[in-house]
Amino acid sequence: MRLDKFLANAGIGSRKEVSKLIRDKQVKVEDEVINKPNHKVSYDNLITINDEQVILEEYIYLMLNKPPGVISSTEDGPTQTVMELIDHPQIDELFPVGRLDKDTTGLLIISNDGKLSHSLLSPKNKIGKTYEVDLKEDVTDEDIVKLEAGIPLKDFTSSPAIVKRVEDRKVELTIYEGKFHQVKRMFIYLNNEVVELKRLKFGNLSLDEMLEQGESRYLTDEEVNNLTQLV
Ligand code: URA
């Protein structure tokens with residue numbers, strides 16, 4: 001990658017601004033002053049500006065505890081997006097891995113790894129997503145049998161779900177697809193209504209309950225390894 005791109009991607013400034021820094025001989029690569037913006041560098045080069053290291057991460061994996069009222073989009077618009085909750089110098093490269101509805105809370109992975117994201121979302125990998133579901137009406141034993149068998153919806157029939165009753169009107173539900181409004185639609189089929197929905201798990205990754213709504217943190221190496229092993 002070009003040195004000016006590296007610095008711009010690391011959030012140092014615009015391409016024009018970082019090119020000026022480079023021409024002004026303020027940037028070193030492996031302790032050598034480089035004054036050409038097109039000088040080629042890689043992620044593991046030591047790059048400094050006035051002796052301070054500039055970090056550019058190749059792969060970034062974050063978990064966000066999504067609050068209600070924000071949309072899972074990267075597009076700027078009138079409604080706040082999950083990306084506006086993330087403070088990272090490489091924000092322009094990041095995107096949410098899949099979507100949660102505006103009113104859904106909980107675990108959302110934010111990354112710049114398109115390949116892993118694609119695999120995690122691919123229906124053929126059948127990765128479980130676990131939700132805590134608060135309902136308007138009691139969940140009957142019959143409902144649980146139906147959820148465990150698969151619910152016929154307009155566009156598809158859900159794979160057998162795993163259901164754990166937490167309270168009369170609360171279940172933990174693991175589904176293996178990620179279709180639009182899927183959990184809400186499954187309960188509409190059962191003549192019930194989702195009043196609150198929170199994602200607790202994505203595959204083997206659990207929401208860190210220490211994260212307040214709106215907070216994010218890096219995934220640990222172990223969490224990333226565990227996720228990559230799913231695909
Ligand atoms: N199912 C839904 O209905 N909404 C979500 O946000 C996620 C799963």
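Two strands pair if DSSP finds at least two bridges between them. The model described here is predicted. The domain assignment divides the protein chain into domain 1 (3-53), domain 2 (61-122 + 205-229) and domain 3 (128-202).

**Domains**
- Domain 2 is assigned in two segments, 61-122 and 205-229, while domain 3 covers 128-202.
- Between the C-alpha centres of domain 1 and domain 2 the distance is 29 Å.

**Strand β11 and its partners**
- Opposite Gly106 stands Arg199 in β11.
- A further 2 bridges link β11 to strand β12 (residues 205-206), in an antiparallel arrangement.
- In β12, Ser206 stands opposite Lys201.
- β11 and β12 form a hairpin with 2 residues between the strands, and Gly203 in this hairpin has a positive phi near 60°.

- In soluble globular proteins, nonpolar side chains tend to be buried together.
- The largest nonpolar core has 31 residues, and those touching the most other members are Ile110, Val133, Leu173, Val183 and Phe187.
- Two or more residues of this core come from each of the strands β5 (61-66), β7 (105-111), β8 (129-135), β10 (170-175) and β11 (194-202), and from each of the helices α4 (141-149) and α5 (182-189).
- Leaving aside residues up to four places away in sequence, Val133 touches Arg169, Lys170, Val171, Leu173, Val183, Phe187, Val194, Glu196 and Leu197.
- Another core, of 15 residues, lies apart from the largest one and includes Tyr61, Val97, Ile109 and Leu227.

**Helix α2**
- In helix α2 (residues 15-23), the buried residues are Val18, Ser19 and Ile22.
- Why can these residues be said to line one face of the helix? Viewed down the axis of α2, the buried residues fall within an arc of 105°, so they line one face.
- An α-helix has 3.6 residues a turn, so residues three or four places apart point the same way.
- The buried residues of α2 pack against α1 (3-9) and β1.
- Lys16, Lys20 and Arg23 are exposed residues on the face of α2 turned away from its buried side.
- Just after α2 comes Lys25, with a positive phi of about 65°.

**Two loop residues with positive phi**
- Glu30 is not a glycine, yet its phi is positive, at about 50°.
- Glu30 sits in the loop between β1 (27-29) and β2 (32-33).
- Is Glu30 buried, partly exposed or exposed? Its relative accessibility is 43%, so Glu30 counts as partly exposed.
- Asp51 is not a glycine either, and it has a positive phi of about 65°.
- The loop that holds Asp51 runs between β3 (47-49) and β4 (52-53).
- Asp51 has a relative accessible area of 61% and is therefore exposed, the cut-off for exposed being over 50%.

Conventions. Residues numbered from 1 in each chain as written. Predicted model: local features only at pLDDT ≥ 70, side-chain atom pairs only at ≥ 80, totals over all residues. Heavy atoms only, no water. Domains from an automatic or database assignment. Helix = DSSP H or I, 4+ residues; strand = E, 2+ residues; numbered from the N terminus. Buried < 20%, exposed > 50% of the residue type's maximum accessible area, 1.4 Å probe, protein only. Core = buried A, V, L, I, M, F, W, Y, C linked by side-chain atoms within 4.5 Å. Contact = heavy atoms within 4.5 Å. Arc of directions from axis to C-beta.
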